[in-house]
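Please work through each solution with the structure in view.

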Amino acid sequence: LLARALATQAPLLLMDEPLIHLDLPHQSDWLRIVKAEVARGTTVVAVLHELSLGLMADELVVMREGRVAHHGAARESATEEALSQAFDRRIAFLREGGGLAVTVVG
């Protein structure tokens, strides 16, 4: 489906859960391809539940109870706080080797 979407060379790509059923190496491939598209000027909007990959975006919109709870740069502390609140403080952020991962707590 991604190849089909890219073949249209549309200036905007909307994706709903594009990583579902993909293993980690293929998720990484998807991220690399999408970042290359963004570098070419394509706007990409994706709904993701893979928080660690979402945090690699330029910006995040955090939804809670059907409403926008936060919109901002993915790597700002306010975004981490909004995500933490959205998941009832049951997630934690881990920094390692320049990367950021999300894990479940309690």
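**Salt bridges**

The count comes to five salt bridges, a salt bridge being a side-chain nitrogen of Lys or Arg within 4 Å of a carboxyl oxygen of Asp or Glu. This is a predicted model, in which local features need pLDDT of at least 70, side-chain atom pairs count only at pLDDT 80 or more, and totals for chains, interfaces and linings use all residues. Residues are numbered from 1 along each chain as its sequence is written, and side-chain values use heavy atoms, with hydrogens and water left out.

**Exercise 1.** Locate the salt bridge of Asp29 and Arg32 and classify the accessibility of each partner.

Step 1. The side chains of the two residues meet at 3.8 Å, N to O.

Step 2. Both Asp29 and Arg32 belong to helix H2 (residues 24-39), three residues apart, about one turn of the helix; helices are DSSP runs (H or I) of at least four residues, and strands (E) of at least two, numbered from the N terminus.

Step 3. Buried means under 20% relative accessible area, exposed over 50%, and partly exposed in between (1.4 Å probe, protein chains only). Arg32 is exposed because its relative accessible area is 53%, whereas Asp29, at 33%, is partly exposed.

**Exercise 2.** Determine which parts of the chain are linked by Asp88 and Arg64.

Step 1. A salt bridge joins their side chains at 3.0 Å, N to O.

Step 2. The pair links distant parts of the chain, 24 residues apart: Asp88 is in the loop between helix H4 (77-86) and strand E5 (91-96), and Arg64 is in strand E3 (residues 59-64).

Step 3. Asp88 is exposed at 53%, and Arg64 is partly exposed at 30%.
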